[in-house]
Amino acid sequence: MEAGTGMEKLELKHVINAICPWSGEPVRADSLMRYRGAVVGFCNPGCRDKFARASAAFDAALAALAENAG
């Protein structure tokens with residue numbers, strides 16, 4: 001997961017959603033991130049950062065479950 005790092009410019013034309021999953025507001029170009037290979041949009045950087053923290057926690061928990069299951 002990365003918010004628009006200097007390596008590539010994330011653009012609205014690549015987002016998979018038009019509405020912020022947290023607020024229900026339209027997504028903005030300054031609030032994009034890549035998640036699992038897709039560009040996801042948010043209405044503001046705060047929502048983007050909240051999603052990054054939450055999804056990182058869930059991804060880590062799923063990875064731990066997979067390790068313990070094996």
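## A buried cysteine and the basis of the model

C43 is buried, its relative accessible area being 10%, where buried means under 20% relative accessible area, exposed means over 50% and partly exposed covers the range in between, with a 1.4 Å probe and protein chains only. The structure is a predicted model, in which local features need pLDDT of at least 70 and side-chain atom pairs count only at pLDDT 80 or more, whereas totals for chains, interfaces and linings use all residues. Residues are numbered from 1 along each chain as its sequence is written, and side-chain values use heavy atoms, with hydrogens and water left out.

## Confidence

The chain has a mean pLDDT of 90, pLDDT being the predictor's confidence in each residue on a scale from 0 to 100, and 90% of its residues reach 70 or more. Within the chain, confidence is highest in strand β3 (residues 38-41), at a mean of 98, and lowest in strand β1 (residues 2-3), at 50; strands (E, at least two residues) and helices (H or I, at least four) are DSSP runs numbered from the N terminus. Where pLDDT is low, the predicted coordinates should not be read in detail.

## Cysteines without disulfides

A search of the whole structure for disulfides finds zero, a disulfide being a pair of cysteine sulfur atoms within 2.5 Å. C20 takes part in no disulfide, and the cysteine sulfur nearest to that of C20 belongs to C47, 3.9 Å away. C20 counts as buried, at 2% relative accessibility. C43 is likewise in no disulfide, and here too the nearest cysteine sulfur is that of C47, at 3.8 Å.

Strands β2 and β3 run antiparallel and are joined by four bridges, two strands being taken as paired if DSSP finds at least two bridges between them.

R36 is placed in the loop between β2 and β3, and its phi is near 50 degrees, which is a positive value in a residue other than glycine. R36 is exposed, with a relative accessible area of 63%.

The loop between β1 and β2 (32-35) contains S31, which at 0% relative accessibility counts as buried. When neighbours within four places in sequence are left aside, S31 is in contact (heavy atoms within 4.5 Å) with V40, G41, F42, C43, N44, P45 and R48.

## Nonpolar cores

The largest nonpolar core has eight residues, namely C20, M33, Y35, V40, F42, C43, C47 and F51, where such a core is a set of buried Ala, Val, Leu, Ile, Met, Phe, Trp, Tyr and Cys residues joined through side-chain atoms within 4.5 Å. The elements that contribute two or more residues to this core are β2 and α1 (45-69). Apart from this core lies another, of five residues, which include L10, V27, L32 and V39.

F42, a member of the largest core, is buried at 0% relative accessibility. Apart from neighbours within four places in sequence, F42 is in contact with C20, P21, W22, P26, V27, R28, S31, M33, C47, R48 and F51.

## Aromatic pairs

The structure holds two aromatic pairs, defined for rings of Phe, Tyr and Trp (its six-membered ring) whose centres lie within 6.5 Å, with planes under 30 degrees apart counted as stacked, over 60 as edge-to-face and the rest as tilted. Y35 and F51 form an edge-to-face pair, because their ring centres are 5.2 Å apart and their planes stand at 85 degrees. This pair links distant parts of the chain, with Y35 in strand β2 and F51 in helix α1, 16 residues apart.

F42 and F51 also form an aromatic pair, a tilted one, with 5.2 Å from centre to centre and 40 degrees between the planes. Ring pairs thus link Y35, F42 and F51 into a cluster, in which F51 is buried with a relative accessible area of 18%.
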